[in-house]
Amino acid sequence: CIGCRACQMACKQWNHLPGESTDAAGIYETPVGLSAITWNIIKLNQKVEAEPRFFNYQCMHCADAACVAACPSGALYKDERGFTAYNRDKCIGCGYCTQWCPYGVPHLVVENALTGTAKAAKCTFCQDRIQQGLGGPSCAERCPVGALTWGPRETLLAQAKQRVETLKAEGLSSA
């Protein structure tokens, strides 16, 4: 990851999410973390090594997702392809997913302050793009350096194993 934030912007564009700014003038897209309108963010990790590294922070699409287990309405579910899918129409706004996700990914969007009606919001893995045959998630499709990829599990595992072997050969197995 080179920190270009192309994935972050692709997510906003595909999902029609508004900008989120901490800039006083509101000019720059500067979210500080995930929220109901920021489902993908690039962060800078300065704690691990002397050389800072960027990393992508978004839904982990856990194999055994706590948010799915906690969702009483079935709005969050595991798609047959493995990602954690979301059906907004089924969401009852209970917020259990926001409490049980160990990564703090789902957030509630208040739709009506008077009644307290809310809906969950999180990365959907661009399930609509995939179902329409338009490719993979917009974040992975837009990444210019291939830091984010998607595809068949077997292919991704083979790539990951090759990357680990390359890092070991370079003496960077902990990278």
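Glu111 and Arg88 form a salt bridge in this predicted model, with their closest N and O atoms 2.6 Å apart. A salt bridge is counted where a side-chain nitrogen of Lys or Arg lies within 4 Å of a carboxyl oxygen of Asp or Glu. The pair links distant parts of the chain: Glu111 belongs to strand β5 (residues 107-112), while Arg88 sits in the loop between β4 (84-86) and α3 (96-100), 23 residues apart. Helices (H or I, at least four residues) and strands (E, at least two) are DSSP runs numbered from the N terminus. Glu111 is partly exposed because its relative accessibility is 41%, and Arg88 is partly exposed because its value is 37%. Here buried means under 20% relative accessible area, exposed means over 50%, and partly exposed lies in between (1.4 Å probe, protein chains only).

The model is a predicted one, in which local features need pLDDT of at least 70 and side-chain atom pairs count only at pLDDT 80 or more, whereas totals for chains, interfaces and linings use all residues. Residues are numbered from 1 along each chain as its sequence is written, and side-chain values use heavy atoms, with hydrogens and water left out.

By the salt-bridge rule the count comes to 3. Side chains of opposite charge can pair when their charged atoms come close. Another of the bridges joins Arg81 to Asp79, at 2.8 Å from N to O. Arg81 counts as partly exposed because its relative accessibility is 46%, whereas Asp79, at 10%, counts as buried.

A further salt bridge pairs Lys168 with Glu165, whose closest N and O atoms are 4.0 Å apart. Both residues lie in helix α6, 3 residues apart, which is about one turn of the helix. Glu165 has a relative accessibility of 46% and therefore counts as partly exposed. Helix α6 comprises 17 residues (153-169); at 1.5 Å a residue it should span 24 Å, and its end C-alpha atoms are 24 Å apart, which agrees. The expected span is 1.5 Å times one less than the number of residues. After α6 comes Gly171, which has a positive phi near 75°.

The chain as a whole has 6 helices and 6 strands, arranged along the sequence as α-β-β-α-β-β-α-β-β-α-α-α. Its C-alpha trace spans about 60 × 45 × 30 Å along the principal axes. Of the 175 residues, 35% count as buried.
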